[in-house]
Amino acid sequence: MNPGLDGLYAQTLERSEHIPHFLNVISTIALLQTPLPTSGIAEVLGIRTCDVVNVLVDLQAIIQVPGTDDIPVTLCHTSLRDFLTIQSRSGRFFAHPRHHAHLYHRLIKCELEHPRRRAGAAVSFSECTPGIAYARQYSAEHLNRGHSFIEQSEIQSAIRLCRETLALHPGSPELIQVLADAIHWAAEPRVSPADSDLEEAISLYRQALLLRPSGDEGRWLSLHHLGYALETYYKRTGDPDGLEEAISLCQEALKLQPMPHSNRSDILH
């Protein structure tokens, strides 16, 4: 801990705390798995890019704000993230873990609204905005980190929305995986003791993987999530075949994300 820096952080943040969306924007920047540009932050939160810029413009002593809205916003020092995520240090500026749950809901809406606006059209990675690309890769991570703050009724609502959107794009591996992620979480023992949800999630992950052949840039993600679901199945049933397949899938995913790719840490975890 650096008390001197803590004081600097608090004094600087005070400059913008009266601005609309302040804590929402700051908490999001602190909890993002990888930096987003101002346009991506705005897209994820459902606000305007200028709203994000208004919050950040007086914080450039501690947050690097690019001059354009397509370059990621980054922290001047990693200790700022530590400050924001430790309540005893940040006080009213604390980025509460429940914000992960808020981000999950926002990411699901962000990802699903795009194909709903384009019913009948293919959804490809090349068309992704920064917010949608982030949602496709990290929504499940925020769901996992914020699970204790998400009600079962909320996850069931997300599952219904996923099913409705998937009906418009039945061959979309991205949407199949979003649905599988939600069902997988609902199948966790702490939420539901039934095996049927977990089996459905595994089946959906397999469908998504089949739709992502060798060379598809999203294949590693399907391998990783299917492997994690099979690990869950092994822990619940003791089936050694499930564990062996999970290890094999994760090994393949690692090969698709060679060193020093940042996604390797997600797979290894």
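Two residues count as being in contact when they have heavy atoms within 4.5 Å of each other. With that in hand, here's a first look at this predicted model. Take the contacts in the protein chain between residues at least 6 apart in sequence: 67% of them join residues at least 24 apart.

What is the chain built from? There are 14 helices and 2 strands in the protein chain. The chain has 269 residues, and 47% of them count as buried. Its accessible surface comes to about 12,800 Å², with 52% of that belonging to carbon and sulfur atoms.

**Aromatic pairs**

Searching the whole structure turns up 3 aromatic pairs. A pair of aromatic rings is described by the distance of the centres and the angle of the planes. Y9 belongs to helix 1 (residues 3–14) and F83 to helix 5 (residues 79–84), so the pair ties together parts that are 74 residues apart in sequence. Y9 is buried, at 3% relative accessible area, and F83 is buried too, at 1%.

Then there's F22 with F93, an edge-to-face pair. F22 is part of helix 2 (residues 22–31), while F93 sits in the loop between helix 6 (87–90) and helix 7 (98–117), so here the pair ties together parts 71 residues apart in sequence. F22 is buried with a relative accessible area of 5%, and F93 counts as buried at 3%.

Here are the two pairs side by side:

| Pair | Centre to centre | Angle between planes | Kind |
|---|---|---|---|
| F22 and F93 | 6.0 Å | 75 degrees | edge-to-face |

**Helix 9**

Now find helix 9, which runs over residues 152–168. At 1.5 Å a residue, its 17 residues should span 24 Å, and the end C-alpha atoms are 25 Å apart, which agrees.

Which residues of helix 9 are buried? They are I155, A158, I159, C162, T165 and L166. Look down the axis of helix 9 and these buried residues fall within an arc of 130 degrees, so they line one face of the helix. There's a simple pattern behind such a face: an α-helix has 3.6 residues a turn, so residues three or four places apart point the same way. On the other side of helix 9, S153 and A167 are exposed.

Technical notes:
Residues are numbered from 1 along each chain as its sequence is written. This is a predicted model: local features need pLDDT of at least 70, side-chain atom pairs count only at pLDDT 80 or more; totals for chains, interfaces and linings use all residues. Side-chain values use heavy atoms; hydrogens and water are left out. Helices (H or I, at least four residues) and strands (E, at least two) are DSSP runs, numbered from the N terminus. Buried means under 20% relative accessible area, exposed over 50%, partly exposed in between (1.4 Å probe, protein chains only). Accessible areas come from the Shrake-Rupley method with a 1.4 Å probe; for residues, only the protein chains shown count as cover. Rings of Phe, Tyr and Trp (its six-membered ring) pair if their centres lie within 6.5 Å; planes under 30 degrees apart count as stacked, over 60 as edge-to-face and the rest as tilted. The expected span of a helix is 1.5 Å times one less than its number of residues. The arc is that of the directions from the helix axis to the C-beta atoms.
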